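Please open the structure in a viewer and keep the sequence at hand. The stops below are to be selected one after another.

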Amino acid sequence: MTVRLLVAARSDVGRLRSGNEDAFLVVDDLQLVAVADGMGGHQGGEVASATAIETLHTGMARGDAIGLAITTANDAVFTQAAADLALRGMGTTITAGILTDGSLRIGHVGDSRAYLLRAGELRQLTTDHSVVAELIAAGQLTEDEALVDPRRAMITRALGIDALVEVDVFDVLLEPGDRVLLCSDGLTTMVRDHAIAEIITSEHDRERAADELVNAANIAGGADNITVVVVDVVDAADAADAADAADPDATAEVPVVDDATAEADADTEPVPVVVDDPVVTDDEDPDLEALRAAVEDGEPPRRHWWQRRSRS
Ligand SMILES: [Mn+2]
């Protein structure tokens with residue numbers, strides 16, 4: 001059976017940030033979706049996420065594989081950061097999916113997420129590249145502890161930080177009736193998975209589901225920018241029927257790059273902190289307690305890239 005993706009996307013500044021450093025991409029004719037969450041002082045976060053999204057779009061439009069397109073996006077952000085002092089240190093997550101032979105091929109770096117809702121069960125498809133995800137995997141932190149851990153904004157992989165980046169690429173076989181959610185951590189740090197599942201299970205209309213997800217994050221505090229991309233997997237024949245019957249203006253899904261630059265307030269953006277770990281080797285568990293002091297408490301933590309130094 002041939003499937004098709006129908007998409008609703010929202011990006012919201014939230015209630016505490018002055019600018020929106022998230023970006024998303026919906027390209028209907030490529031059946032491509034993506035979310036990026038930028039970090040960096042001044043305009044850096046917005047530039048990083050917008051550059052990554054645009055470069056991904058360009059690469060996918062010329063037929064590159066998703067891993068290559070994301071690697072190229074890394075090059076673009078890294079090069080731009082190196083060339084402009086004001087942008088130094090900027091970086092971004094990216095989580096992208098493209099419909100490929102009935103599967104969603106996902107490319108992923110960082111702690112934005114892709115979820116699959118199938119038969120009422122919500123499953124996280126991506127692995128967060130973050131300090132707390134590593135600690136949870138190692139049994140050193142519970143999911144509940146991670147939600148309030150001061151290290152929760154520290155990511156271990158991002159685009160733009162280094163000339164090389166490791167990209168997770170994998171396929172998820174899709175079925176009609178599946179719903180896929182891509183989102184930035186402004187949703188997942190505010191709204192628990194069971195509440196996300198309840199919203200996207202009970203709200204059939206994907207546009208309203210996207211609104212409700214953003215609303216839920218804002219009601220919970222809106223501490224970060226919130227971006228959600230709700231993807232319905234439908235039988236391609238049904239999708240064609242629906243498009244014929246509907247107002248073309250209402251269903252046209254054009255490429256969108258939402259970099260929200262106009263909302264930015266450069267003066268209030270702190271410079272990101274890159275925390276070097278002085279002791280980690282590949283052979284021992286990092287003593288991450290020592291890093292707590294480097295992360296501000298009380299306020300919602302800003303995204304940091306946590307650099308694991310390789311042994312020399
Ligand atoms: Mn974020």
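Select Leu32 and Ile98 to begin: in this predicted model, Leu32 stands opposite Ile98 of strand S5.

Keep S5 selected, residues 94-100. How many of its residues are buried? The strand is mostly covered, with 6 of its 7 residues buried.

S5 pairs with S6 in the antiparallel sense, over 7 bridges. To find one of the facing positions, select Ile94, whose bridge partner in S6 is Val109.

The next stop is the turn. S5 and S6 form a hairpin with 2 residues between them. Select Asp101, which is placed in the loop between S5 and S6. Its phi is near 55°, a positive value in a residue other than glycine. Is Asp101 buried or exposed? Asp101 has 8 C-beta neighbours inside 10 Å, and therefore counts as exposed.

Select Ala119, found in the loop between S7 and S8. Ala119 has a positive phi of about 55° although it is not a glycine. Ala119 is exposed, because 8 other C-beta atoms lie within 10 Å, and a residue with 12 or fewer such neighbours counts as exposed.

Select the strands on both sides of this loop. Strand S7, residues 113-118, and S8 pair in the antiparallel sense over 4 bridges. Within this pair, Arg118 stands opposite Glu121 of S8.

Leave Glu121 highlighted. This residue is found in strand S8, residues 121-124. Glu121 is exposed, since 9 other C-beta atoms lie within 10 Å.

In which order do its strands lie? The 5 strands form an open sheet in the order S1-S12-S11-S7-S8, and the pairing is antiparallel. Its edge strands are S1, residues 3-12, and S8, each of which pairs on one side only. Neighbouring strands of this sheet are turned by 20° against each other on average, with direction ignored.

Next, select helix H7, residues 206-219. H7 lies across S1 and strand S12, residues 226-235, and runs at about 35° to S1.

For the last stop, show helix H6, residues 193-202, together with H7. Two packed helices are described by the angle between their axes and the distance between the axes. Here the axes come within 9 Å and cross at roughly 150°, which means that H6 is roughly antiparallel to H7. The crossing is right-handed. To display the contact, select Ala195, Ile196, Ile199 and Ile200 of H6, and Ala209, Glu212, Leu213 and Ala216 of H7. By class, the contact of H6 with H7 has 7 nonpolar residues, no polar residues and 1 charged residue.

Key: Residues numbered from 1 in each chain as written. Predicted model: local features only at pLDDT ≥ 70, side-chain atom pairs only at ≥ 80, totals over all residues. Buried ≥ 20, exposed ≤ 12 C-beta atoms within 10 Å, placed from the backbone. Pairing = 2+ DSSP bridges. Axes fitted to C-alpha atoms, helices over the stretch in contact; angles between N-to-C directions. Parallel < 35°, antiparallel > 145°, perpendicular 65-115°, else oblique. Left-handed = near helix turned anticlockwise from the far one by under 90°. Contact = placed C-beta atoms within 7 Å. Nonpolar A, V, L, I, M, F, W, Y, C, P; charged D, E, K, R; others polar.
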